[in-house]
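Here is a short briefing on one structure.

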Amino acid sequence: MFTLLLASQFLAAPQGPTPGAVYSAAQAERGKKVVENHCTACHGDDLSGLEGPALVGNSFMVKWEPQDLGALYKDIRDTMPVGAVSSVTDEEKLDAIAYLLQQNGFSAGDMELALNLDALARIPLSRQAGPVTLRTGSLVRVTGCLTPGKDNAWMLTNAGAPRTAAASASSKPADAASGDQTIQLLNVFPNPSVHTGHRMDVSGLLVRDAAGLSVNVLSLEMLAPSCQP
């Protein structure tokens, strides 16, 4: 069983995340009934996905592990069930999240998740201590200098570390830090040569392999006509 990293939401001292379980078995049991009544028609009896995506297993964790419980709760609160969002209360949706945590291997504890969005946003949905390593397939944004490579290839030089697109949605791209990484860009279309030497913010799907980091490009945005931060 994994243990969620619990930010010190119940402590006055700002000590940062500390290990701890964040939902109770009783809350997960309530959530099971919510999921069975409102979720399985789209996500499957075993939650492995039907018309809707899987809510358990690797594909679920690839999407949500770089994020936090606040983001997961807001997504479920605002969009689920499809076409009947108001048919399930916010409290029931939070209970459903407790059940999803249980089904994804996170251990229960004595406390329950509370309807406090700020507190939920301080709980990383992580199965490890420390920074989460973004996996291949993660939707990311990365900022750097657009530079031509060999054989019509393109890359970002002086790039910062890729950041999850959801985690950076509330920040301005121009605030993204430069770095010392070189990241290959894949399937860049249309030809971005007019932006050669410009500081760019790239969104796409991360590819992590023995050659290093690449991004399968979905969009590019010019931040500045110079590569200086």
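The buried residues of α5 are covered by elements that include α1, α4 and α6 (117-120). Contact here means heavy atoms within 4.5 Å. This is a predicted model: local features need pLDDT of at least 70, side-chain atom pairs count only at pLDDT 80 or more, and totals for chains, interfaces and linings use all residues. Residues are numbered from 1 along each chain as its sequence is written, and side-chain values use heavy atoms, with hydrogens and water left out.

**Helix α5**
- Helices (H or I, at least four residues) and strands (E, at least two) are DSSP runs, numbered from the N terminus.
- α5 has 14 residues and reaches 20 Å from its first C-alpha to its last. That is close to the 20 Å expected at 1.5 Å a residue. The expected span is 1.5 Å times one less than the number of residues.
- The buried residues of α5 are Lys93, Leu94, Asp95, Ala96, Ile97, Ala98, Tyr99, Leu100 and Leu101. Buried means under 20% relative accessible area, exposed over 50%, and partly exposed in between (1.4 Å probe, protein chains only).
- Just after α5, Gly105 takes a positive phi of about 95 degrees.

**Nonpolar cores**
- A nonpolar core is a set of buried Ala, Val, Leu, Ile, Met, Phe, Trp, Tyr and Cys residues joined through side-chain atoms within 4.5 Å.
- The largest such core holds 29 residues. Leu69, Leu72, Ile97, Leu101, Leu113 and Leu125 touch the most other members.
- At least two residues of this core come from each of α1 (25-38), α3 (58-64), α4 (69-79) and α5 (90-103).
- α5 gives the largest share of this core, seven residues.
- In soluble globular proteins, nonpolar side chains tend to be buried together.

**A buried serine**
- Ser24 sits in the loop between β2 (18-19) and α1.
- Ser24 is buried, at a relative accessible area of 7%.
- Not counting residues up to four places away in sequence, Ser24 touches Ala108, Gly109, Asp110, Met111 and Glu112.

**Strand pairing**
- Two strands pair if DSSP finds at least two bridges between them.
- β4 (residues 154-159) and β6 (residues 181-186) run antiparallel, joined by four bridges. Trp154 stands opposite Leu185 in β6.
- β6 and β8 (residues 212-224) run parallel, joined by three bridges. The bridge partner of Leu185 in β8 is Val215.

**Cysteines**
- A search of the whole structure finds one disulfide. The cut-off is a pair of cysteine sulfur atoms within 2.5 Å.
- The disulfide joins Cys145 to Cys227, with S to S at 1.9 Å. The link is right-handed, with 65 degrees about the S-S bond.
- Cys145 lies in β3 (residues 139-148) and Cys227 in the segment after β8, so the pair ties together parts that are 82 residues apart in sequence.
- Cys145 counts as buried at 10% relative accessibility, whereas Cys227 is partly exposed at 22%.
- Cys39 is in no disulfide, and its nearest cysteine sulfur, that of Cys42, is 8.6 Å away. Cys39 is buried, with a relative accessible area of 19%.
- Cys42 is in no disulfide either. Cys42 counts as partly exposed, at 31% relative accessibility.
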